[in-house]
Amino acid sequence: MKKVMIVEDELIIQMVTKQVVQEAGFIVCAVTATGEEAIDLAKQCNPDVILMDIKLEGELDGIDSMIKIREFSDVPVIYVTGNSDSYHKKRAAETKMFGFLVKPVDFGELINTIKKCCGI
């Protein structure tokens, strides 16, 4: 089974996303609201895909966190964010993102994107 890491600062979205991802047959190996913890958790759980919000708690945003994760991993990232302006899209593209979904996200589209990312 493929492992998904969720990085989301809004608790309700975090919980619903985790439930939807698990019901689709994926293992949620880690959940966090901060970029700093996301970096450590990516090392620990070695996910097959990361669902990353851009606006996070802490000093690092989701894009800065992925830049740091790229120093040790090529894990695919799907941004799930409300920051859909061209500035954030350009910055996200520099992290070799697999997908960029805008909130409110359609969970069917999210699961389909995860499946494509994992080759399912």
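## Basis

This is a predicted model: local features need pLDDT of at least 70, side-chain atom pairs count only at pLDDT 80 or more, and totals for chains, interfaces and linings use all residues. Residues are numbered from 1 along each chain as its sequence is written, and side-chain values use heavy atoms, without hydrogens and water.

## Fold

The chain has five helices and five strands (DSSP runs numbered from the N terminus: helices are H or I with at least four residues, strands E with at least two). From the N terminus, the order is β-α-β-α-β-α-β-α-β-α.

Of the 120 residues, 50% are buried (buried means under 20% relative accessible area, exposed over 50%, partly exposed in between, with a 1.4 Å probe and protein chains only).

## Salt bridges

The structure holds six salt bridges (a side-chain nitrogen of Lys or Arg within 4 Å of a carboxyl oxygen of Asp or Glu). One of them pairs D9 with K55 at 3.9 Å, N to O. D9 lies in the loop between strand 1 and helix 1 and K55 in the loop between strand 3 and helix 3, so the pair ties together parts 46 residues apart in sequence. D9 is buried at 17% relative accessible area. K55 is exposed at 56%.

K103 meets D53 at 3.0 Å, N to O. K103 sits in the loop between strand 5 and helix 5, D53 in the loop between strand 3 and helix 3, so this pair ties together parts 50 residues apart in sequence. Both K103 and D53 are buried. Salt bridges with shared partners join E8, E10, D53 and K103 into one network.
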